[in-house]
Amino acid sequence: MATNLLQDYPDLSDLYVQNERMTREFDPDSIKFIGEGTFGEVFKAKHLIDQKEYAIKTIVIRQNNLVKGVRVRELYDVTIRELKVWAKLDCDHFTQYRSSWLEAGHKDKELVLTVYIQMDLCWFTLEGAIHKMRAHFDRPVNQFLPTLGYYMASELLIEILEGIDYLHNSIPPIMHRDIKPKNILIKGSPYGRFIKLADFGLATEHLKESMTHTQAMGTDKYMPPEVRLSRYYGTKADMYSIGVTVHELFNFDLYSPQPKDDNYVKITTLNKTLLDGFPSNRPSCADTLKARHRWHIPYRAI
């Protein structure tokens, strides 16, 4: 049994293993791969009891994949600690955590732990939505969207900012640290919202301004300079990542020729402040939302 297997590892013997729970609780014929997260794969599967489809994320922990000196238990504890940060975010801004469990086994004589995380299934990622908008408006990459596309993008940006603002105003504040279109999901709700923030694998609490954090966390393209070069950073790091996401959402490149219309000027003015190399010069989510009249357009303007 898997439990006896972990009893051979003193620092893991207290862990509760539920091997084969995936195939016991979910229809095996419904399990389909749908993507990759920061540290694992994501599947969709239909639950045998409520007959609803869920997303199931797997995080595989094996010694051969760890940095030298880091133990399997350490990474497991970090995974659970970050999972707890997400699990208490019971709010419409985020993909909802439903359940989690641990399975264990051996592969090529190596111990492998797999953490399974059950969450609500969304329609597609913001990355997918961006591709759909480009196709709909017949725009190649980095060609600025027309007015209707700009309105759609600005509505989505408001929801992204509201979700991150919720994190930053939590007690204690929470930094996401991996904001990018792949980690922002789309799904309708009874409240008229579409954006669901996801993948909290790097999320951490920012207990005080002098607190240090792990250096170089996140995805390289979206990583602010202070995270790349230092261990001293705060919630303004997420604002830089939002700035890079804005490039893709509104489909422009500051260094490529663009039509200098009013909408372009509005969003690039905001974008330059989000991408400022000095964190203290970047606006917060609250600041950006308060000043939305400077970059958002109402539906009647279409």
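Predicted model: local features only at pLDDT ≥ 70, side-chain atom pairs only at ≥ 80, totals over all residues.

Student: How many residues does the contact take from domain 1, and how many from domain 2?
Tutor: We're looking at the two domains of the assignment, 21–120 and 124–294. Between them, the contact draws on both sides: domain 1 puts in 14 residues and domain 2 puts in 21 residues.

Student: What area is buried between domain 1 and domain 2?
Tutor: Carbon and sulfur atoms give 59% of that area. In domain 1, Asp 92, His 93 and Phe 94 lose the most area to domain 2, and together they make up 37% of what that side buries. The area for the pair of domains is about 1,600 Å².

Student: How many salt bridges does the rule find across the interface of domain 1 and domain 2?
Tutor: Polar contacts are a separate tally, with seven residue pairs between domain 1 and domain 2. For salt bridges across this interface, the number is three.

Student: And which residue meets Lys 57 in a salt bridge?
Tutor: Look for the partner's oxygen at 3.0 Å from the nitrogen of Lys 57. The side chain it belongs to is that of Asp 199.

Student: Is Thr 79 buried or exposed?
Tutor: Thr 79 is in helix H3. Setting aside neighbours within four places in sequence, Thr 79 is in contact with Ile 59, Ile 61 and Val 115. Its relative accessibility is 9%, and the cut-off for buried is under 20%, so Thr 79 counts as buried.

Student: How many residues apart are Asp 11 and Arg 71 in the chain?
Tutor: These two form a salt bridge, with the closest N and O atoms 2.6 Å apart. Asp 11 is in the loop between helix H1 and helix H2, while Arg 71 is in the loop between strand S3 and H3, so the pair links distant parts of the chain. The separation between Asp 11 and Arg 71 is 60 residues.

Student: Which residue is linked with Asp 11 and Arg 71 in a network of salt bridges?
Tutor: Asp 11 is partly exposed at 32% relative accessibility, and Arg 71 is partly exposed too, at 40%. The network that holds Asp 11 and Arg 71 also takes in Glu 74.

Student: Where is Glu 159, the salt-bridge partner of Arg 193?
Tutor: The closest N and O atoms of Arg 193 and Glu 159 are 4.0 Å apart. Arg 193 is buried at 12% relative accessible area, and Glu 159 is buried at 10%. Arg 193 sits in the loop between strand S8 and strand S9, 34 residues away from Glu 159, which is in helix H5.

Student: Why does the pair of Glu 226 and Arg 282 tie together parts that are apart in sequence?
Tutor: Glu 226 and Arg 282 form a salt bridge, the closest N and O atoms being 2.7 Å apart. Both Glu 226 and Arg 282 are buried. Glu 226 lies in helix H6 and Arg 282 in the loop between helix H8 and helix H9, so the parts they tie together are 56 residues apart in sequence.

Student: What separates the C-alpha atoms of Leu 202 and Thr 214?
Tutor: Leu 202 is in the loop between S9 and strand S10, and it is buried with a relative accessible area of 4%. Thr 214 is twelve residues from Leu 202 along the chain. Their C-alpha atoms are separated by 9.9 Å.

Student: Which residues does Ser 241 touch, not counting those up to four places away in sequence?
Tutor: Ser 241 is in helix H7, and at 4% relative accessibility it counts as buried. Tyr 191 is 26 Å from Ser 241, C-alpha to C-alpha. The residues that Ser 241 touches are Ile 179, Tyr 222 and Pro 224.

How values were computed
Residues numbered from 1 in each chain as written. Heavy atoms only, no water. Domains from an automatic or database assignment. Contact = heavy atoms within 4.5 Å. Buried area = accessible area lost by both parts, 1.4 Å probe. Polar contact = N/O pair within 3.5 Å; in protein donor to acceptor, adjacent residues only side chain to side chain. Helix = DSSP H or I, 4+ residues; strand = E, 2+ residues; numbered from the N terminus. Buried < 20%, exposed > 50% of the residue type's maximum accessible area, 1.4 Å probe, protein only.
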